[in-house]
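Subject: Handover of a structure and notes on its contents

Dear colleague,

Please find below the structure that I am handing over to you. My notes on it follow directly after.

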Amino acid sequence: MKNFKTYKHFFMALTILSLPFGVGGAYAFQIDEGAFGKLNIDGAVSGYYLYSNNVPPAPTGSSTPGDKKNRYDISNALVNISKPDGVVRFTIVAGAYAFPTVGETTAKTTQSGYNTDLFSALPIAYLEFDPNSSVSIKVGKLPTMIGYESAFTYQNIDIQRSILWSMQPVVSRGIRFTYTKGIFTGNLELNDGFYSEKKPALEGSFSLAPNQNASISFNFIYPDKKTKPNPTSTPANKQEYELTGSYTISKFTFAFDSMYVHVPTSKEGETTSNHAFGIAGYATYNINDAWSLNARAEYDEEGTSGTDIMGFGQGAHAYSITITPEYKYKQFFIRPEVSYVHITNVASAYYYTSPTASAPTKNTQIRLGLEAGFVF
């Protein structure tokens, strides 16, 4: 329970903060006075539990312990302060967060080298300049434009992210130029790629939204091939090209995310050439205002030689299915989850170990999960 003790006071403060404010609004509250003008304040507080029948063992020669059969922790303890109007705007997101991902090792929310430690307790913070309705310039710590799934669990339809998500960037430091005209939105961003600090990357997104129920987007990131791996990404010089889209009809929303990854050979980047491909499909059925049923299925694979991209071993093929029903009452939400992952074609044939084994003897993992909390 050390994780909860670490953030006990922050967790309680956010709980108390959210209670007095109106449930019907989009934000916990708004401040309309002062030098900044109108400010919106919202956020999320939640915890999660995951049971895994098989888990990845500790890496050979590593002091980091292997995964736990039972994992419980804070998934979100976040507050978001933003100035949404005017020529000069800003957004700040602060707090604790976790990145549970299907098939992959989980870790404490506060563990060094994982989760909150990756992008700090201030994961997103940027200044925005909007001279008119078509042009926007953002500078600071920016959430990536790549991927259908977002950084924090409460923003997604499932508790755990996909394996495909784990190959994508999450946060970068840079400057983004956005142009919007009619159904078209274009973004170009010069940043540090996979949070690499010293090496530049070009990230972009070009999307069409013909109506409020449909959208399609082509996204990419092209980092300097000399970029070295870091705690947020191994490798960190991978080029990614993605097509994603969504469509809503009646009570159903369908979406897809498909991505091709290329890793170049680079002595400085500590990589040899390899590639990977992944595709994920998403579906949500909104039964009524309280209940919804969410599902995701994906397939990912990488080449048989070169740098390991997915983290399961060269040549790995990965399949996963995740089902997450959700119940909401005003600002409160609770959702159970079941996920299944199958890894094939890796050199050793196995990736997981049973809790009593010392070496990997399994190639499947089933997880049962539960997340509960509130947004304000």
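In these notes a residue is called buried when its relative accessible area is under 20%, exposed when that area is over 50%, and partly exposed in between, as found with a 1.4 Å probe on protein chains only. By this rule, 47% of the 376 residues of the protein chain are buried.

The structure is a predicted model, in which local features need pLDDT of at least 70 and side-chain atom pairs count only at pLDDT 80 or more, while totals for chains, interfaces and linings use all residues. Residues are numbered from 1 along each chain as its sequence is written, and side-chain values use heavy atoms, with hydrogens and water left out.

The predictor's confidence in each residue, pLDDT, runs from 0 to 100. Its mean over the protein chain is 90, and 89% of the residues reach 70 or more. Residues 1–27 stay under 50; for them the model has 45 contacts beyond four places in sequence, a contact being heavy atoms within 4.5 Å.

The protein chain has 4 helices and 17 strands. These are DSSP runs numbered from the N terminus, with helices (H or I) of at least four residues and strands (E) of at least two. Of the contacts between residues at least 6 apart in sequence, 59% join residues at least 24 apart.

I turn next to the interior. A nonpolar core is a set of buried Ala, Val, Leu, Ile, Met, Phe, Trp, Tyr and Cys residues joined through side-chain atoms within 4.5 Å. The largest one has 27 residues, and I163, M167, F312 and I343 touch the most other members. At least two residues each are supplied by α4 (163–166), β12 (252–263), β13 (274–286) and β16 (332–344), with β12 giving the largest share, 4 residues. Another core, of 15 residues, lies apart from it and includes V93, L118, I124 and W165. Beyond its neighbours within four places in sequence, I343 is in contact with F312, A316, H317, A318, Y352 and N363.

The second largest pocket also deserves a description. On a 1 Å grid over the protein atoms alone, a pocket is an open set of points where a 1.4 Å probe fits, with protein on both sides within 12 Å along at least five of seven lines; lining residues have an atom within 4 Å of a point. This pocket holds about 670 Å³ of space, the volume being that filled by probe spheres set on the points, which are joined across faces, edges and corners. Its lining has 30 residues, and T144, M145, G147, Y148 and S150 lie nearest its centre. Two or more lining residues come from each of β3 (70–83), β9 (201–211), β10 (214–223) and β11 (239–249), and β10 gives the largest share, 4 residues.

Some individual residues remain. K83, in strand β3, is buried, with a relative accessible area of 16%. The C-alpha atoms of K83 and G37 are separated by 7.7 Å, although the two residues are 46 apart along the chain. The peptide bond from T234 to P235 is cis, with omega near 0°, and P235 lies in the loop between β10 and β11. N115, which is not a glycine, has a positive phi of about 50°; N115 is buried, with a relative accessible area of 7%. E197, also a residue other than glycine, has a positive phi near 70°, but E197 is exposed at 59%.

Yours sincerely
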